[in-house]
Amino acid sequence: MEEMNFYDVMQLSAADTKQLLRETPVKKEKRMYQLAFVVKNVLCILFCMTVVVSFTVLFGEENSIPGVVVLIAILAMRKADFDMNPRHGLFVIPILFAILAAGPHLAGLAGSAAAFGINLVSLLLILVLSCHNIYLYNHATFVLGYLLLMGYDVSGEAYIRRILALMAGAVLVSAVFYINHRKKEFSWGIGGLLRDFFSGDERMRWQIKMALGLSTGMLLASLLGIPRMMWMGFACMSLLPPVQSTVPARIKQRLIGVVGGCALFALLYQVLPGDPGTYIGILGGLAVGFSGTYGWQTVFNCLGALSMAVGVFGIAGAIALRMINNFLGILYSFCFHKLYEGGSGLLRTNEKAAADRT
């Protein structure tokens with residue numbers, strides 16, 4: 001195995017780094033890789049905190065969430081393109097951020113039926129524009145941002161500041177995108193994406209499936225009057241991926257992860273001094289960076305989510321809502337998939353599309 005340098009190891013994902021550590025027999029190299037892994041995650045959490053705190057200071061405490069959305073978009077756009085001409089990608093980013101600014105807010109003002117329509121159209125546009133190559137998983141970034149903004153909506157002057165925050169975010173993400181992908185060449189642009197969508201291939205069927213599944217799932221949660229329905233949205237998004245063959249394992253890992261994460265949060269909340277809700281989320285974010293599997297990421301994501309909800313619902317209420325939304329999301333996603341796909345659901349068409357990328 002060829003030895004990697006410190007910087008190259010820092011570019012690896014947690015799963016790839018752990019595999020590298022398992023396959024490295026030389027202790028000196030292994031110690032260097034371990035150090036690079038730790039340094040990467042510490043620097044990442046510091047960068048994350050800097051971005052979120054900066055948005056909070058500039059746009060108000062109610063608008064720390066746009067900082068989170070911009071942060072995950074920056075991290076994603078460092079490595080992922082839009083599978084199209086980069087100049088067209090620069091046009092797509094402001095459109096995506098405009099959808100993020102308008103869609104969640106309008107859905108929050110509307111009744112359940114109108115909110116369903118707004119969510120369906122907004123999510124479908126996000127999926128078509130950002131996820132032409134399904135293996136880049138860009139939808140996870142922008143759909144996640146949509147759900148976060150919906151769950152932490154604001155009004156009045158705070159909403160005006162939110163629009164400004166997302167406009168600033170669009171500029172930052174565009175700059176990162178251009179710096180990292182400007183030299184890539186594709187023979188198609190936005191027009192190619194739209195033509196492919198209306199071609200009726202498996203990609204289109206999945207994009208409709210994801211948008212419809214998320215929208216109807218959140219409609220169900222709204223009709224049932226369940227708070228924090230964005231948590232149900234997260235579960236649906238996770239369990240309606242392009243390649244459905246991974247889902248049985250994900251269902252099991254999510255069930256165990258949610259229960260384990262809630263139990264861990266309850267334990268930490270009781271034993272840590274002071275107001276633990278203020279730093280359990282940071283600990284969870286750091287732990288996610290060291291996690292190489294979906295199951296452990298689910299556990300530690302619970303810490304951040306519950307730390308933000310405990311002040312509103314109390315520890316028992318927050319944990320109950322976390323479990324209810326996730327269990328309902330898991331059940332609904334499973335049933336929706338069976339109805340939509342008729343027992344199938346393995347996306348095959350885009351394997352060739354991924355291989356044909358230039």
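**Aromatic rings in a predicted model**

Guide: A search of the whole structure, which is a predicted model, finds eight aromatic pairs.

Visitor: Why is the pair of Phe 82 and Phe 142 called tilted?

Guide: The ring centres of Phe 82 and Phe 142 are 6.2 Å apart, and a pair needs centres within 6.5 Å. Their planes stand at 35 degrees, whereas stacked requires under 30 degrees and edge-to-face over 60, so the pair is tilted.

Visitor: Which parts of the chain does this pair link?

Guide: Phe 82 belongs to the loop between helix H4 (64-77) and helix H5 (86-109), while Phe 142 belongs to helix H7 (residues 138-151), so that the pair links distant parts of the chain, 60 residues apart.

Visitor: How do you know whether Phe 82 is buried or exposed?

Guide: Buried means under 20% relative accessible area, and Phe 82 has 1% relative accessibility, so Phe 82 counts as buried. Phe 142, at 2%, counts as buried too.

Visitor: What makes the pair of Phe 336 and Tyr 340 stacked?

Guide: Their planes are at 25 degrees, with the centres 5.8 Å apart; because planes under 30 degrees apart count as stacked, the pair of Phe 336 and Tyr 340 is stacked. Both residues lie in helix H14 (residues 294-341), four residues apart, and are therefore separated by about one helical turn.

Visitor: Why is Tyr 340 called partly exposed?

Guide: Tyr 340 has a relative accessible area of 22%, which falls between the cut-offs of 20% for buried and 50% for exposed, so Tyr 340 is partly exposed.

Conventions:
Residues numbered from 1 in each chain as written. Predicted model: local features only at pLDDT ≥ 70, side-chain atom pairs only at ≥ 80, totals over all residues. Heavy atoms only, no water. Phe/Tyr/Trp six-rings, centres within 6.5 Å; stacked < 30°, edge-to-face > 60°. Helix = DSSP H or I, 4+ residues; strand = E, 2+ residues; numbered from the N terminus. Buried < 20%, exposed > 50% of the residue type's maximum accessible area, 1.4 Å probe, protein only.
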